[in-house]
Amino acid sequence: MGGLTGVMGAKPVPGASATPSRWRTPAGRLSRGATLLLGLALVLLAMVWGAASGAYAIAPAQLPGIAWDGIRSLWGGDVQTGPEHLVFLNIRLPRLLMGVAAGAGLGLAGALMQGLFRNPLADPGLIGVSSGAALAAGITIVLGGMYLPWLPRHLGSWALVAMAFGGGLAVTAVVYVLGQVQGTTRIGLMLLAGIAINALAGAGLGFLSFVSTDEQLRNLQMWLLGSLGASRWSAVALVWAAVAVSAAAALALARPLNAIALGEAQANLLGVAVEKTKRRAVMVAALAVGAVTATTGIIGFIGLVAPHWVRLIAGPDHRVVLPGSALLGAALVVSADAVARTIVKPAELPLGVLTAFIGVPLFLAMLRQFRSKV
Amino acid sequence: MSTARISRRQGLQWLGASVAGTALPGLAQAASAAAAPGAKRLVSLSGALTEVVYLLNAQNLLVGTDTTSLFPEAAQKTAKVGYVRQLSAEGLLSLKPDAVIATSEAGPPVVLDQIRQAGVRVSLVAARHNWAEVQEKVKVVGRETGRMAEADQLLAQLEAQWSSVQAQVAKAQRKPRVLFVLSHSGSPQVAGKGTAANALIQYAGCVNAIDQFDGYKPLTAEAMASAAPEVIINTTQGIEALGGEAAFWKRPELALTPAFAKKALVTLEASHLLGFGPRLPSAVQALHMRALQWVA
């Protein structure tokens, strides 16, 4: 296999290697179609599991009927309602869909960042979007009542979401600008700027927790642990819109990122608009992670691990790593939330704690199994 | 929460309202119409409110409490809905309550909205750290449990206790200079203005040695020396967390305070001391008398 044709997306030559099939590449990895089908199946499985589990007892046999009633009510159907309908359609279902969007956004952004930085350790936090959102959320929680009292008057409970989203984008813009040298983005410089700005945001959060009251401190801590608990339909619609736009834009970056994987000089020679690709990758990741983090708080680990997992089974082609990471991220977050909602019911665990508890052991097991390929 | 039908028109609002608001509007309206006075199933999200429920002998209505409901001991055996600022809508609704009582600390707000939309009455008492807060808590529990007469009786009893404690405090010749230390977790912090502890200190006829800042802050040895408290107040849980009274007095920040010479320490159980519930008169009295003893 010629490296360039493979990277640029030409079909593998049939019979060039040992027993390639629809499901296996010549290198023995899962093909793109097989990986994405597997990912989709995992998301659906996780969603069925998530829909069927919860503190409020709803017989699984009732669920299709309730879901159908919800769909019919969209078109003005006459619908039987009861407590099960309320709990499922107003609480569990929006939360489930928020989990899908949040996991997809984080997985996608992780794959973009690892492709952009050409470094498997990269995660969306590196461009400052998470720490920026956290800092802005901290400012809103701790200082908002005193210095921004007009904010909740105009935005209600959206004040925190809007501030966190704005903070994530603003800090990302600062990191991006700091990484510029004479109109080009130096990836190494941006990485260092991101680390420095993250440290600054961490110091800001430390200061905020020092001046906060007991109540504000607890609220801030809870926000930093992440939760899908505040998923209402309006928030679900906004996050889905942001993640869908990000996903479409990210898939268009798959081939340019494949070329950049060979080095920026080679990518230039291949006719790839390297600067534009880098800028877009940063913008898309910031949009996805900013929207997700602003509504759910910090959900760690997904953006780092989902792309690795996909690469282990399907290889490094971004045309599979990007959508595969989104699917795997969605499946991971939905499953983790199903556990978070039920393991200490009627209370619930913070999601950020569980994504790490569930994901890390699975990831380490995977690393051991595929030691030779990493 | 009763079963009802939503009309075609209400159903049509679904998409528009669900983008702008938080819930399916038809469902929410249908369910809240059936609320009746006097809850059959009650969830309490505050230790003080839970105490009142037991005092009104309404504990058979109690189907769940939060993690701060530790007194009386029977309350610890009820289903626990978790930490009051991080509630789970579905978890709470799984207890099928028809009323929830809480202080303004309960949250997040979206979860409270979802609970209200499911037709559950949510009563919030503002946390103001004063006697009126205690009175309001008794009234709210009386109303929500349908035990207004018993609540009035309890209020009269508490009022009598409170005025006798206040008269006792007013007679004192001397106001001890005290410092409240919060040490449940990590490094000890001291209570400034605007805290529950500060309100309690003033009710007990003492002077807070800290008047320069709001809220809880870690205090250095030098600042502690200049604050010069004569008596230190802590919770029994806080002293346990630091490894007992002997270990507490070994802390270097305390060595330069007047309290250190006599090892003047007053401890009370945390929910008793800071709960602002029906045991407030006894907490104030205990604090007042024990602080005075140390400076006598």
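Predicted model: local features only at pLDDT ≥ 70, side-chain atom pairs only at ≥ 80, totals over all residues.

Reply: Residues are numbered from 1 along each chain as its sequence is written, while chains are lettered from A and ligands numbered from 1 in the order in which they are written.

Me: Why is A:Val87 called buried?

Reply: A residue is buried if 20 or more other C-beta atoms, placed from the backbone, lie within 10 Å of its own, exposed if 12 or fewer, and partly exposed in between. A:Val87 has 24 C-beta neighbours inside 10 Å and therefore counts as buried. In chain B, 47% of the 296 residues count as buried.

Me: What makes A:Tyr56, A:Ile58, A:Arg92, B:Glu90 and B:Leu93 contacts of A:Val87?

Reply: Two residues are in contact if their C-beta atoms, placed from the backbone, lie within 7 Å. A:Val87 touches these residues, with those up to four places away in sequence not counted. The C-alpha atoms of A:Val87 and A:Ile58 are 8.9 Å apart, and the two residues are 29 apart in sequence.

Me: What places A:Val87 in a helix?

Reply: Helices (H or I, at least four residues) and strands (E, at least two) are DSSP runs, numbered from the N terminus. A:Val87 lies in helix 4 of chain A, residues 83-117. Chain B has 14 helices and 11 strands.

Me: How do you know that strand 4 and strand 5 of chain B pair, and which way do they run?

Reply: Pairing requires that DSSP find at least two bridges between two strands. Strand 4 (residues 99-103) and strand 5 (residues 121-125) of chain B are joined by five bridges and run parallel, with B:Val100 opposite B:Val122.

Me: What is the hand of the crossover from strand 4 to strand 5 of chain B?

Reply: The β-α-β crossover, which passes through helix 5 (residues 109-117) of chain B, is right-handed. That term applies if, with the strands pointing away from the viewer, the path from the first strand over the helix to the second runs clockwise.

Me: Which domains does chain B have, and how many residues of each are in contact with the other?

Reply: Chain B has domain 1 (35-153) and domain 2 (173-295), with bounds from an automatic or database domain assignment. Contacts involve 14 residues of domain 1 and nine of domain 2 in chain B. On the domain 1 side, helix 3 of chain B gives the most, with five residues.
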